[in-house]
Amino acid sequence: MAPALALLAAAIAVAAMAKEVSAARAFAAASNASAPTTAAEGKLTVHLVPHSHDDVGWLKTVDQYYLGSNNSIQGACVMNTLDSVVDALTKDPARKFIVVEQAFFQRWWAEKSSNIQAIVRKLVDSGQLEFINGGWCMHDEAAVHYIDMIDQTTLGHRMIKKQFNKTPKAGWQIDPFGHSAVQAYLLGAELGFDSVHFGRIDYQDREKRKADKGLEVIWRGSRTFGSTSQIFANVFPVNYSPPNGFRFEVLDESNMPVQDDMMLFDYNVKERVNDFVDAAVAQANITRTNHIMWTMGDDFSYQYAESWFRNMDKLIYHVNKDGRVHALYSTPSIYTDAKHASNESWPVKYDDYFPYSDAKNTYWTGYYTSRPTFKRYVRVHSGFYLAARQIEFLLGRSSLGLFTTSLEDAMGISQHHDAVSGTAKQHTTDDYSKRLALGASKVEKGVNNALTCLTSSNGTCLSSVVKFSQCPLLNISYCPSTEETISEVKSLVVVAYNPLGWERSDFIRVPVNDENLVVESSDGTIVASQLVEFDNVTRNLRKFYLKAYLGMTTDKPPKYWLVFQAFVPPMGWNSYYISRTTGHNRTGYVSTQVSPSNNDIIEVGPGPLQMSFSSASGQLKRIFNSVSGVDLPIQQSFLWYRSNEGDTVDSQASGAYIFRPNGTTPTSVSSSVQLKVIHGTLVDEVHQQFSSWIYQVTRLYKNKEHAEVEYTIGPIPIDDDVGKEVITRLTASMVTNSTFYTDSNGRDFLKRVRNYREDWKLEMTEPVAGNYYPVNLGVYVADGKYELSVLVDRAVGASSIHDGQLEIMLHRHTLRDDGKGVEEPLGEVVCLDGSCKGLTARGTYYVKVDKLGHGAHWRRTCGQQVYSPYLLAFTHEDKTSWKSYNVAKASMMNEKYSLPDNVAIVTLQSLDDGTTLLRLAHLFQAAEDPQYSVIAKVELKKVFGKRTIKELTETNLSANQKKSDMKKLDWRVVGDTESDHAPLKGGPVDYQALIVELGPMEIRTFLLKF
């Protein structure tokens, strides 16, 4: 080429490059411009929802996650995320982000300067920062009680309302391992949510829903309420991560940033836009309407938020310039509004999404039982927290302040889906327990002081010398107050507080060292009592755990349990006096032990309920109730499933999350059981030693028609290198047609059918684990004649693997991790003197047989008593002096008034703004019981007999908006066959009479001013 021509070509090339560079720079500048905020009519619209899923404890403790410490386990710092997100949002008003867990946000908010708080308020007001879910944590949905779900949600919602005057509009349960019916209608629709969004459903269910475009549904979780408490439910196509290739965490190995500067290498705009469009169209093909959601975040994301937002800014610009689809920043509430505006018809979903499985042999049903003692610890403090708040209200405003707030943070955190579920690392679970213990200790002191004030007849506690104490370790028989020698001058005063809204009579059992004791009620009546000698299992359990946890090395165990029946008025207290007397004046009955001879049938039970045991095998044979006429052959035994450690078919092991037994037939612990029978005037006890590591005591009380069964399991032996998952099994002569019933978070009972799912044709690969369901209240089976019911004292997994059987998993010890993230086998140990042994679990379940159609009343009322036992406080005082200067018996309610059997007060709480939070709950479902599934009436003037209600406002469930302000979206559904019959609900409150009506399953919430 000639020199002149070469120069000309070079000049042309330079000019072209300059033009290209200029265009590229303009392109890059445009990428930083504000993104669109509305959908494009007629186009597929991709809603990008920036979020970070921040576990309130899991692999690290809640503090470690917040501060970013212990990063050798997981590089996570929530404080950095919130700082970084706020900074990134201020750079562009189109950017959005959702905040979920208030346990983290409120801690962060309290640390911020007034300037930063002002910036955050502006972001919230503009809609850039939106609170979604809004609870203290993202609670579990299998192992939680509905009262705890309400409490932790209310705590977060009221904080948001107070600071920002905002009410969350959408649920965001993206990580719990299955989803409950109660979550849909109660912790969804009744909160005022328009939608709930989550990721985990059964893999078979997901594939069918993809094919039918049925991932998004109208969820009617309540058969009682039907469409009146429905909610739009959005199930993600995969999980809560972005589509492959669109995760922009700065140090992520898979990060593929959008490179739109032509002056640099690796320019990839066309490739990234094509990837985006392809992924969007693929999701649109399994979704109804032209709106889809991308969850732009993952676990502990946005620690450097600009990395995410910069790339999303570019994607939005270039995708919209391309024009095939439309992209914008969004939130779940914006997305829901777009779905609603489409006027599409949606499939209907009933009941729940349990059990959850994400692969062929991977059923997430082990965590229903994992860490059984921690589950019990949470449940105990739940009932205690409810009672303590009542006592705080009864006391009124005082120098003690609102002492129960010491427990609200710990209780809220413990409902997290890796806390009460039992799926956190051991050191994190220990941290949860410590928080509960510290909070409960402070509240216990407040309750003791409050009871001192309340029981003082002069209405003051300033000069009182009465010092109450409580005994949180009564389950292992440790109670210093009752074990202390009772002098000739002072009596042991027992004050029993009843948190229920009706008068009750329950038996009190306290450890004592003297057999010459007499029990007297507050009116001077001598109360029948019974002494039961301590068993060796309890002695050994007490000795080991007192030394391990309290450092006590010289403990002298008491000789007896003193048993007596206490009658306590509704939401009130009664006092009982235990005094020392001479032997010949003793009124208590010392139990007698029976030594059965072989081949005898032993009948036990001092009241209407009797049980027959075989002296040969030592096992239960029959239940008979002289009142109802029930007579049912029944057996009870302990068995264990061998934990699968993975096999040639599938490497999946049983662990904290997963229950995968090795085979379908469990191993019986023992066919011959050592039997000891104790008779008494108040209670008969049957002690059964099933093995060296399983002991059971069945108690039949004089005036009770159910059996109370206390089990002690552990340490589970693993010297054979076999993990074990321990069950109790009841086998009755009943034809139950593969059907059984389990509760949903302690509320609705749902029908379960073995090897069946209502929503799809199930391919059952794990016939045991795949038929397990979560239980918080109870489980029962029924045939044409009887109902066999079992109530539990904590969250468990349960099933009916064969007709006429109920089995409940009570304890687990696995030897392998199940590969679901926690990276620890489920093998809790307790260490003492340099050696460790497996955890022992002690608990109680309750058994009753009723005629068909008559079991609901017991399940509901006894269930309330299990959840809310007496709160017991003790002191040693001169009996005569105590009676003269103290109020021995009192109730908040008018004399002779109590709530009906179908209503409970689930919240009575003094709030920091001077108002009082009241929740009333109807306990029965529609058509559950002909007598009690009816409108119930509560007369508030009689409930608060000693106070005058000056103002009453009905609110939504979490008390962050007036009931009258709640707006519900109407949704069209496919093939709606629901009856036009409206559910039975209570009418408006008569503000003169102050009478509240409740229909079946209805919960009504009020803010009161006195």
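Author: A disulfide is a pair of cysteine sulfur atoms within 2.5 Å. In this predicted model, the count by that rule comes to two disulfides.

Reader: What makes Cys-471 and Cys-479 a disulfide?

Author: The S to S distance of Cys-471 and Cys-479 is 2.0 Å. The rule asks for sulfur atoms within 2.5 Å, so the pair qualifies. With 60° about the S-S bond, this link is right-handed.

Reader: How do you know that Cys-831 and Cys-836 form a disulfide?

Author: The sulfur atoms of Cys-831 and Cys-836 are 1.8 Å apart, and the cut-off is 2.5 Å, so this pair also meets the rule. The torsion about their S-S bond is about 100°, so this disulfide is right-handed.

Reader: Why is Cys-831 called partly exposed?

Author: Cys-831 has a relative accessible area of 42%. Partly exposed lies between the buried limit, under 20%, and the exposed limit, over 50%, so the term applies to Cys-831. Cys-836, with 46%, is likewise partly exposed.

Reader: Why is Cys-77 in no disulfide?

Author: The nearest cysteine sulfur to Cys-77, that of Cys-137, is 20 Å away. A disulfide requires sulfur atoms within 2.5 Å, so Cys-77 has no partner.

Reader: Is Cys-77 buried or exposed, and why?

Author: Cys-77 has 5% relative accessibility. Buried means under 20%, so Cys-77 counts as buried. Cys-862, at 5%, also counts as buried.

Conventions. Residues numbered from 1 in each chain as written. Predicted model: local features only at pLDDT ≥ 70, side-chain atom pairs only at ≥ 80, totals over all residues. Heavy atoms only, no water. Buried < 20%, exposed > 50% of the residue type's maximum accessible area, 1.4 Å probe, protein only.
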